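I opened a notebook page for this structure. The entries below follow the order in which I looked things up.

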Amino acid sequence: MGNEEAVFFSRILTETTLSFHIIYATIGVGVPLMIMIAQWVGIKKNDDHYILLARRWARGFIITVAVGVVTGTAIGLQLSLLWPNFMELAGNVIALPLFMETFAFFFEAIFLGIYLYTWDRFENQKKHFLLLIPVAIGASFSAVFITIVNAFMNAPRGFDIVNGEFVNVNPLLAMFNPAMPTKVAHVVATSYMTAAFVLAAIAAFRLLKGSNHEYHKKALYLTMKVGLVFAIVSAIIGDFSGKYLAEYQPEKLAAAEWHLETSENAPLIMYGILKDGEVKYAIKIPYALSFLAHGSFTQEVAGLDQFPEDEVPPLYIHYLFDIMVSIGIWMTLLAGVFWLGVQRGWKMVSAKWFRWLIVLGGPLSIVAIEAGWWLAEVGRQPWILRGVMRTEDAATTSGHVDSMLVLFCLLYLVLGVGSVVVLRRMFRNNPVEREIEDRDTEKGGDVL
Amino acid sequence: MTLEILGISVLWTFLFGYILIGAIDFGAGFFNAYSTLTGRQHILTNIIQRYLSPVWEVTNVFLVFFFVGIIGFFPKTAFYYGTTLLIPVSIGIILLAIRGSYYAFETYGARGHKGYSFMYGLAGILIPASLSIVLTISEGGFIDMVNGNPVLDYWKLFTSPLTWAIVVLSIAATLYISAVFLTWYANKARDKEATNMIRKYALIWALPTIITAGGIIVELRNHNPEHYSNIQNFWPMFLISFLMFIGTLWLIWKRRNYGLAFLLLVGQFAFAFFGYGASHYPYLLYPYLTIYDSFTNPAMAISLIVVFIMGLGLLIPSLYLLMRLFLFDKDYVRGKGDYHA
């Protein structure tokens, strides 16, 4: 074939685009919900701090949305540019959720525009709040539909192949494939969790940097609480994901857990290194893999020995699994302790070092998202469409992918730096203390 | 009407929507950058910002809708166009990314930042040029099959007068459409100075638009005789389009009824665009791909259409609300309230 180079660079470019896009996409899915909660609490409690919180988050959100939209457009087009054979095939079976996603996106875009430009335009604040609901729904459903496509790549259903042609296509069956429920739930829940922890990190950072304003404390408590809820939800869904994998993609589970030989009473391996086909220096949690895979501590779990060597994903995905799960557990504990601490008035949770841990939790959550997606994508290799089409057969035959890779890396660098610079500038030039003061004087003026 | 024709009609309509509101958007960005450079931004910026701000993201969705839809209805296009368009569309994506994000950076983060304004103005005006290459390629003659894979002949593409005629048309038309719309919008905002300035732009860009549009038809005679003879079957549409062009120009010249002038402009482009599309039928890519041999399976086609109709049910009321609040709300257009987050 001689097409290895195009395949290699297509993979790298897709990986780069997705890794960059997913940061903004995750924030884009999660933050509207956070804005909604804050605004709702503000209206209910008649507390201006929460309203202002929603307003300031909304302002920052626009910048991340802009980058999310343009990089989302990039990946949407790159799928056809880099994987034309796959898209030709996929277009026949799984085009429906892609098409639905554009409507969700449309819906979100329209109402976001309206929401942003109607602050204080309505007498009744609840009316303005209502405009946010379609934004949050649109954002979450974008994630749902796109994740359905990804689920289809893992567990293709809804068609038969006869002589290389697709027959008996059933678009709904393709959408509601076995991978769909756990994958969609996991992506949406972790997006909410990550958005909450990123916003918590910002609030904790402001508190550390000398502002002891009530506003930041309220923000921190709210975000940590929401983060905790979705961290627990994510963990529960993670357990179901394990059971899905054991049933439908056992080779992915076996590779991620370094489960080399089929066995009963399988322990869960965390960390460690692989040397001469043996796992060393690992932490083994007895029976845990059997439980993760089948919900019983003793049941047999298929090991890597069951699968042909050229159908097993790279074994380094084990570390991606470790990173994702460790961060997930760590953040659940951190948020749990924080919540308990606030309830019981522990001094520890307002100590400097604890707040630094919360600050660290923001970037860590993003790392977990990245690790999770790499695990999902690398773990599906060598397939682009599991069992149907291999990645190497899907790529473009164009010889220019490497130069495009350079161009796009530059673009992402510019966008990444640009968005950070703009966001920092935006909030530094208009600190919350001043905004609260301005609003108070405005109100005072009304009374006089 | 067959499913194939229904599918391509829906997609063509959305592409028309993108071209129209995209042109308004990109042209406005360019005029804004231009006036910043010449030190006259105080005249235009307000008008342009007030129109653009709530709608910029919606523009982008029209494009996404088109390219997702075409893969859905005509999956074979992914193979032919996906393989050959890597470079031109990648450049398009980069321009779109710069345009979209810098617009947001400037508007929400660093109001009045000259660097951002200039970059998004420039990127915006290059987007139609880079994307219009796809239309040129669809005329055929630039793609060869090598070992069963389509390969784009760049040398032929960039030395063809047709390519450059379409590039010039896309830029001229963008500025013309945008100027006519903004003349109406500025007039509605009762901003005399801005109206006068943009009206001049509209008059300036009218001529290059119509000349290149005519030139392309002549160009096609050499490049793709089959398409050229098809175009002649649709001559009434192009005639109506031309008369509408004259109507717009006359109204703008006489400073009369800018709203009607804009409607005539929409009509002008609609007749030309659909006339062009109809004469392109049945080819998606001369001579390799028609709408029939690239069409998806009936089950997918019907589900896409059902989803499309349900989607419209959601979309039309939302778009109506958006327009009512920002395009047809006198107080907003005149800048009487600032309700930005």
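**Chain A, overall.** I began with the radius of gyration of chain A in this predicted model. For 448 residues, a compact globule would come out near 22 Å. Chain A has 24 Å, so I noted agreement. I then took the box along the principal axes. The C-alpha atoms of chain A fill roughly 80 × 45 × 40 Å. I also looked up the secondary structure: chain A has 14 helices and 8 strands.

**Chain B, overall.** I repeated the steps for chain B. Its secondary structure comes to 14 helices and 4 strands. The radius of gyration of chain B is 20 Å, and the globule rule gives 20 Å for 341 residues, so chain B is as compact as a globular protein of that length. Its C-alpha atoms fill a box of roughly 60 × 40 × 40 Å along the principal axes.

**Helix packing in chain B.** I picked one helix pair. At what angle do helix 2 and helix 9 of chain B pack? I found about 90°, with the axes 9 Å apart. Helix 2 covers residues 41–52 and helix 9 covers residues 192–223. The angle makes helix 2 of chain B roughly perpendicular to helix 9 of chain B, because 65 to 115 degrees counts as such.

I listed the contact next. Helix 2 of chain B brings B:I43, B:L44 and B:I47. Helix 9 of chain B answers with B:E193, B:A194, B:M197, B:I198 and B:Y201. By class, this contact has 7 nonpolar residues, 1 charged residue and no polar ones.

**Cavities.** I moved on to empty space. Rolling a probe the size of a water molecule over the atoms shows where such space is left. How many cavities of 30 Å³ or more does the whole structure have? My search found 5. The largest cavity holds about 120 Å³.

I wrote down the lining of the largest cavity. Chain A gives A:V69 and A:V70. From chain B I noted B:Y18, B:D25, B:F26, B:W56, B:T59, B:N60, B:L96, B:R99, B:G100 and B:Y103. Which elements give two or more residues to this lining? They are helix 2 (48–82) of chain A, along with helix 1 (3–37), helix 3 (56–73) and helix 5 (86–109) of chain B. Helix 5 of chain B gives the most, with 4 residues. I sorted the lining by class: 7 nonpolar, 3 polar and 2 charged residues.

**Backbone checks.** I ended with the peptide bonds and phi values. In chain A, the bond from A:Q381 to A:P382 is cis, with omega near 5°. A:P382 sits in the loop between helix 11 (352–378) and strand 7 (383–385) of chain A.

In chain B, the bond from B:Y281 to B:P282 is cis, with omega near 0°. I placed B:P282 in the loop between helix 12 (258–280) and strand 3 (283–285) of chain B.

A:W258 is not a glycine, yet its phi is positive, at about 50°. I located A:W258 in the loop between helix 8 (250–256) and strand 3 (268–270) of chain A.

Methods: Residues are numbered from 1 along each chain as its sequence is written. Chains are lettered from A and ligands numbered from 1 in the order in which they are written. This is a predicted model: local features need pLDDT of at least 70, side-chain atom pairs count only at pLDDT 80 or more; totals for chains, interfaces and linings use all residues. Side-chain values use heavy atoms; hydrogens and water are left out. On a 1 Å grid over the protein atoms alone, a cavity is a set of points where a 1.4 Å probe fits but cannot get out, and a pocket is an open set with protein on both sides within 12 Å along at least five of seven lines; lining residues have an atom within 4 Å of a point. Grid points are joined across faces, edges and corners, and a volume is the space filled by probe spheres set on the points. Ala, Val, Leu, Ile, Met, Phe, Trp, Tyr, Cys and Pro count as nonpolar, Asp, Glu, Lys and Arg as charged, and the others, Gly among them, as polar. Axes are lines fitted to C-alpha atoms, for helices over the stretch in contact, and angles run from 0 to 180 degrees between N-to-C directions. Angles under 35 degrees count as roughly parallel, over 145 as roughly antiparallel, 65 to 115 as roughly perpendicular and the rest as oblique. Contact means heavy atoms within 4.5 Å. The radius of gyration is taken over C-alpha atoms; the globule rule is 2.2 Å times the number of residues to the power 0.38.
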